[in-house]
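Reader: Could you take me through the aromatic rings in this one? I'd like a close look at who pairs with whom.

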Amino acid sequence: MILENETLDAAAKRVLMEYAGLSGISPALSVLYKEMIYSPVAFELLPKRFTIRQLQNLFSAVMGVAIDNRNFRKKLLSTGFLVPTDKKETKVAHKPAQYYEFNRAAYKKALKERNSLMFLANWAY
C-alpha cells in the first residue's frame with residue numbers, strides 16, 4: 001500500500017526492497033510479477049483511488065519495461081476491473097487524470113470465467 005504523501009515510484013521501490021530483503025531482487029520481481037497477473041495484488045499496492053498512469057507505472061516498474069500508454073489504457077479499461085470516479089488529480093502541471101477504483105466484483109466474475117490480466121504477460125513492448 002502507498003503511504004500518505006509517498007509517490008508511486010517510491011512505494012514501488014519500498015515494496016521491492018522489502019521483497020529483496022527476503023530472497024534477492026530478481027526472484028522477488030518474478031513472484032510479484034506473477035502475482036500481479038493472477039491476483040489483484042497490484043490494486044492492493046495502490047491507494048483506493050488511483051490513476052491509470054499510477055497502475056501503469058507500477059506494472060512498468062515490476063516488469064522492467066516501458067509500456068505504451070494507449071494500449072495499456074485500452075486493454076485495461078476493456079477488462080471492466082476499473083470504475084471511474086468523479087474525482088480528478090489536483091495541483092498537477094499537466095491535464096488532471098481521472099481517478100479510478102478497483103471493481104472487485106468484476107474481477108471475481110472474470111476469475112470464474114478464467115480471465116485475468118494475462119495480456120500483460122504477452123505484452124508487445
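Author: Let's start with the term: rings of Phe, Tyr and Trp (its six-membered ring) pair if their centres lie within 6.5 Å, and planes under 30 degrees apart count as stacked, over 60 as edge-to-face and the rest as tilted. With that in hand, ring pairs tie Phe 43, Phe 50, Phe 81, Phe 102 and Tyr 107 into a cluster. Keep in mind that this is a predicted model, where local features need pLDDT of at least 70, side-chain atom pairs count only at pLDDT 80 or more, and totals for chains, interfaces and linings use all residues. Residues are numbered from 1 along each chain as its sequence is written, and side-chain values use heavy atoms, with hydrogens and water left out.

Searching the whole structure turns up five aromatic pairs. One of them is Phe 43 with Phe 50, a tilted pair at 5.9 Å centre to centre with 45° between the planes. Both Phe 43 and Phe 50 are buried (under 20% relative accessible area; over 50% is exposed, in between is partly exposed, with a 1.4 Å probe and protein chains only).

Then there's Phe 59 with Phe 72, also tilted, with 6.0 Å between centres and 55° between planes. That pair bridges distant parts of the chain, 13 residues apart: Phe 59 belongs to helix H4 (residues 52-63) and Phe 72 to helix H5 (residues 69-79). Helices here are DSSP runs of H or I, at least four residues, numbered from the N terminus. Phe 59 counts as buried because its relative accessibility is 1%, and Phe 72 does so because its relative accessible area is 0%.

How values were computed
Helices (H or I, at least four residues) and strands (E, at least two) are DSSP runs, numbered from the N terminus.
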